[in-house]
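Have the sequence and the model open as you read.

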Amino acid sequence: MTTPFSFALKATDGGARTGVIETQRGEIRTPAFMPVGTQATVKAMFIEDVAAAGADIILGNTYHLMLRPGAERIAKLGGLHSFMHWDKPILTDSGGYQVMSLAKLRKITEEGVTFNSHLDGAPVFLTPERAVEVQCLLGADIQMALDECTPFPCSREEARVSLDLSMRWAERSKAAFETMSAPGQALFGIVQGSVFPDMREDSAKTLVGIGFPGYAVGGLAVGEGQQAMFDTLDATTPYLPEDKPRYLMGVGTPLDILGAVARGIDMFDCVMPTRSGRHGQAFTWGGRLNLRNAQYAEDLTPLDADSACPAAQYSRAYLHHLVKAGEMLGAMLVSYANIQFYQELMAGARAAIENGTFAAFAEDIRRRYAKADGTD
């Protein structure tokens, strides 16, 4: 029997929440960080190590996978879980953000968006119905309604036109999902409205009226700055149901995440841990380190003695050497250490919320990172 999608709150501490999302492929402990597996891989990592790091769920990308190798091909090969050897939940985004950021010569109409593939220039037409179809072919446990990711900055008029289109697409996405999805799958709506509080409120209320089992906050972390992002969350989360998970898309640094947790967000994804890892930047319990710096050339201390990650036990001197030499192992080890740090950070946040000490936990992390960055 298929496990239905559900969400249960366990504890709150101020605005912060901890709970459990039940899916057909297992539990997701919240707050949760989802490593990004854009092209059916979390870059520079064995998928078994992603699981060992503590991840309950990963993210796959509709835009990239529909272009290569193709959603129909992945379905023919048994679905995305089997294809990439991951048996836990997968969330897929709708492709809207990538259309905005990657596609050349895109044209948006009421029906959908036409764009040229960044791979070979071939024309592609993506509608709300096709976005859902692709995600169903991939077999995603949590899927996203197609939206237009409103660029920043934009005028109020531009934000309103974009928001209204995304809300109409949300209705179409839900209708398509109800005819195409398999038992146990879930579709989230995406709140838009740029940095305008009244539009965020309108968007949240409209989506709640349509009815989804979870709600994402999109259109942030696109250049508006941390405080504007937090202000926008403050204007949004009060209008989202307390008994449904809330997902902030594409965020972010450890301090971004903790600030959003304090404002009632449950789920996160970001390429930062692996992208930074490939460039020699490590996230640790002592702060952020740039392993390219000469100060680590003879530093035999572990990358992060407070982490349980095997990769974090290698010396900073060795990792400095690998990064400077351009060795693939350097990218793999630092990416692994970063992914596990993010999972340990989420575990720490969950425990602190249950203990009623989240504010102190977040402030301790802020001080550590400020000290490491020289800003304290």
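Helices (H or I, at least four residues) and strands (E, at least two) are DSSP runs, numbered from the N terminus. This is a predicted model, in which local features need pLDDT of at least 70, side-chain atom pairs count only at pLDDT 80 or more, and totals for chains, interfaces and linings use all residues. Residues are numbered from 1 along each chain as its sequence is written, and side-chain values use heavy atoms, with hydrogens and water left out.

## Backbone exceptions

Most residues other than glycine have a negative phi, and most peptide bonds are trans. Ala40 is not a glycine, yet has a positive phi of about 65°. Ala40 sits in the loop between E4 and helix H1 (47-52).

The peptide bond from Thr30 to Pro31 is cis, with omega near 0°. Pro31 lies in the loop between strand E3 (26-30) and E4. Phe152 and Pro153 are also joined by a cis peptide bond, with omega about -5°. Pro153 belongs to the loop between strand E10 (142-144) and H7.

## The largest pocket

Rolling a probe the size of a water molecule over the atoms shows where empty space is left. The search uses a 1 Å grid over the protein atoms alone. A cavity is a set of points where a 1.4 Å probe fits but cannot get out. A pocket is an open set with protein on both sides within 12 Å along at least five of seven lines. Lining residues have an atom within 4 Å of a point. Grid points are joined across faces, edges and corners, and a volume is the space filled by probe spheres set on the points.

The largest pocket has a volume of about 930 Å³. Its lining has 44 residues, and Tyr97, Gln98, Gly250, Asp269 and Val271 lie nearest its centre. Two or more lining residues come from each of strand E5 (58-61), helix H5 (96-101), helix H9 (226-234), strand E14 (267-270) and helix H11 (272-278). H11 gives the most, with five residues. The lining of the largest pocket divides into 16 nonpolar, 20 polar and eight charged residues. Here Ala, Val, Leu, Ile, Met, Phe, Trp, Tyr, Cys and Pro count as nonpolar, Asp, Glu, Lys and Arg as charged, and the others, Gly among them, as polar.

## The second largest pocket

The volume of the second largest pocket is about 180 Å³. H9, helix H10 (254-261) and helix H14 (358-373) each supply at least two residues of its lining. H14 gives the most, with five residues. Among the lining residues are Gln226, Phe230, Leu255, Phe358, Glu363 and Arg366. The lining of the second largest pocket holds seven nonpolar, two polar and three charged residues.

How many cavities of 30 Å³ or more does a search of the whole structure find? Two. About 70 Å³ of space lies in the largest cavity. H5 provides the largest share of its lining, three residues. H5 and strand E7 (104-108) each supply at least two. The lining includes Gly96, Arg106, Asp147 and Trp169. It divides into seven nonpolar, one polar and three charged residues.

The second largest cavity holds about 30 Å³ of space. Arg29, Ala32, Phe33, Gln343 and Arg350 are among the residues that line this cavity. Strand E4 (32-37) and helix H13 (328-355) are the elements that give two or more residues to its lining. Four lining residues of the second largest cavity are nonpolar, two polar and three charged.

## Helix packing

Two packed helices are described by the angle between their axes and the distance between the axes. Axes are lines fitted to C-alpha atoms, for helices over the stretch in contact, and angles run from 0 to 180 degrees between N-to-C directions. The axes of helix H6 (residues 128-138) and helix H7 (residues 156-180) come within 8 Å and cross at roughly 40°. H6 and H7 are therefore oblique to each other (angles under 35 degrees count as roughly parallel, over 145 as roughly antiparallel, 65 to 115 as roughly perpendicular and the rest as oblique). In H6, Pro128, Glu129, Val132, Glu133 and Cys136 meet Trp169, Arg172, Ser173, Ala176, Phe177 and Met180 in H7 (contact means heavy atoms within 4.5 Å). The residues of this contact are seven nonpolar, one polar and three charged.

The axes of H13 and H14 also come within 8 Å, crossing at roughly 145°. Phe341, Leu345, Gly348, Ala349, Ala352 and Ile353 in H13 meet Phe358, Phe361, Ile365 and Tyr369 in H14. This contact has nine nonpolar residues, one polar and no charged.
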